[in-house]
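Please look through the sequence and the model before reading on.

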Amino acid sequence: MLLGNYNPIRIQTMTTSNTMDTMATVEQSIRCIEAGAELVRITAPSKNEAENLRNIKSELHKRGYTTPLVADIHFTPNAAEIAARIVEKVRVNPGNYVDKKKFEQIDYTDAEYAEEIDRIRERFTPLVKICKEYGTAMRIGTNHGSLSDRIMSRYGDTANGMVESAMEFLRIARNESYHNIILSMKSSNPQVMVQAYRLLVHTMDREFGECYPLHLGVTEAGDGEDGRIKSAIGIGSLLEDGIGDTIRVSLTEDPEFEIPVCKDLVKRYNEREKKTAGQQAIPAIDKIPYSPFEYKRRDSYEVGNAGKKQVPVVVADFMQAGSIGHQDLQAIGYTYNEATDKWNIGDAAADYIYTGTKKPGFALPGTLKIICDYETWLTAEDKTKYFPLYNGASYLLHNERSGIMNFVSVDASSADASEILQKIRKDDTVVLCIWSSHAHTMPSVRRYIMELMNQNIKCPVILAVESHENNIDDQLIHFSAEAGALLLDGMGDGIWLMNDPSKLVNAKVSGRTYLASNNNQQFINNTSFSILQATRTRISKTEYISCPSCGRTLFDLQETTAKIRAVTNHLKGLKIAIMGCIVNGPGEMADADFGYVGSGPGKITLYKGKEIVKRNVDSEIAVDELIGLLRDNKAWIEP
Ligand code: SF4
């Protein structure tokens, strides 16, 4: 199988069974292969598991499955050296292949640092030589959460540190004339992940004048919609720019469930060339007005509650609703109590509804405002609650304006898009709602926003993303990749997702069923807030960083994650990590506030940040102990 260059983007996953259980691993690998996995990774924590890869491979071959296998190595060079003689590829983590992690700050002189690199060379070169001899490929897989103390001490917890960690290993391999290499830069935070991959491409290109293939993934993405959205944002943002050769979507679910998500993601890009054929090219740009390697929100002024330092607003689209009643607002975060005539406002409550030509005949919640068509706005009585939406032509034509906010919808690829810019630059009440009819939509919108930046036009921007996909899973990927990619680069003061509910069949996103007829609004609203949460631009709920589990896992991760989620999902803004093992878990928890980590059969160790607070708690009582820990640290609120 060929990977990299212009070969198709390959799909892969990792088994969660015990590697010493040959039959269980074989069965699970087959389920993944049948689902579409083109590579299957298996953990090899010690020499025994590495040796057993031979039995697994041979059983798979006996059953007619020749899909390449990848050995996943952490901490154990001797296991890697065995595995490299057996399977098609080994993955090493430069954060722990030679270095150890004790969360220590170490000050090295340049000479001492160079000595450390020599030590790595000595330990790593034998594996490179074996790989060369056996034709085995290698992934140098850096994880944001498991950078070594040495790298952390010199570069900090940064994208730069991640890149340098991989480059040290890559330089050693190149010196041995070994090039059968692929690299990854994973993080549970899509923003860090995207920046690190970009920086890696830039660094390889600058240093070698060529780039090695890349394996993309958001690590510890979690489960359900959140896991899918985080993954689609991180992986999709890079694939949009042609970066990435193979992908893994890491979900805290059975590995075969990762494959359909990978397929949905990859097919967007396999079909992209066909869709853009014959379309006008997006204009080239001389000056990129932002750094692709660090986050900085685009500078905008404040219009109403949009722009500047305010969190991005959410617009709920009610254009297609026949009528709008009290109950309809429940799906977008507002629950009406008839007895008290009061609204209960949730953490994920939309800020605006777009009603088209409709005017709801009841008093709206105080925080909810209406965007409607220009002609409808003209007839609205309360001009502090209703705001007009113009399209480009009507904005140029009509002079009557709201004194507070005027929403202008613009197709970034249209002929009049630049004329509109000249007009709105003098109007500090405009909020642009940008979309694009170009098949390469996100880059087209991004190009237009860059033009705003280069021309110093500072009106807030709402990302208007429309999905024509026929099912909810594809729509989820579409919305996440299109809007998420821009939000990660600081572009976007609001989000407005649109779909055609009549096209949707009843679909399930990880256990949650949305009936297209009545819950489409809820799906769109949840997706909007989850995209903002995953891009860390607006926090409205608890964040879970949970590992996908593997052969090292010491408890039922899926069940435990669900249990913890059930009791903590009201703790807005808190980051809780749920990790399967103490070997990698603490390192990989990245920036979690609290950690729940398997430390032995039936035993859990609880963390506050990177610090152990309770060791080897009985798993029966560990969730209660976690709640106690949250209470002690004033992070608990009664539900
Ligand atoms: S943290 Fe989870 S996925 Fe990573 S090695 Fe441990 S059990 Fe496996």
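## Sheets and ligand site

Eight strands make an open sheet, ordered S6-S5-S4-S3-S2-S1-S8-S7, with parallel pairing. The edges are strand S6 (181–186) and strand S7 (215–216); each has a single partner strand, so one side of each is left without a neighbour in the sheet. Strands (E, at least two residues) and helices (H or I, at least four) are DSSP runs, numbered from the N terminus. Two strands pair if DSSP finds at least two bridges between them.

The model is predicted: local features need pLDDT of at least 70, side-chain atom pairs count only at pLDDT 80 or more, and totals for chains, interfaces and linings use all residues. Residues are numbered from 1 along each chain as its sequence is written, and side-chain values use heavy atoms, with hydrogens and water left out.

Strand S5 (residues 137–143) and S6 run parallel, joined by six bridges. Ile140 stands opposite Leu183 in S6. Helix H1 (residues 22–35) packs on this sheet, touching strand S1 (10–14) and strand S2 (39–43). Helix H4 (residues 110–134) also packs there, touching strand S4 (89–92) and S5. Contact means heavy atoms within 4.5 Å.

A second open sheet has five strands in the order S21-S22-S23-S24-S25, with mixed pairing. Its edge strands are S21 (543–546) and S25 (611–618), each pairing on one side only. The twist averages 20° from one strand to the next. Four bridges join S21 to strand S22 (residues 575–579), and the two run parallel. Tyr544 stands opposite Ile576 in S22. Helix H17 (residues 557–568) packs on the sheet, touching S21, S22 and strand S23 (594–600). Helix H19 (residues 619–632) lies across S23, strand S24 (603–608) and S25.

The table gives helix directions. Axes are lines fitted to C-alpha atoms, for helices over the stretch in contact; angles run from 0 to 180 degrees between N-to-C directions.

| H1 | S2 | about 150° |

Which residues are around the ligand? They are Cys547, Ser549, Cys550, Arg552, Thr553, Gly580, Cys581, Asn584 and Gly585. Each has a heavy atom within 4 Å of the ligand. By class, this shell has three nonpolar, five polar and one charged residues. Here Ala, Val, Leu, Ile, Met, Phe, Trp, Tyr, Cys and Pro count as nonpolar, Asp, Glu, Lys and Arg as charged, and the others, Gly among them, as polar.
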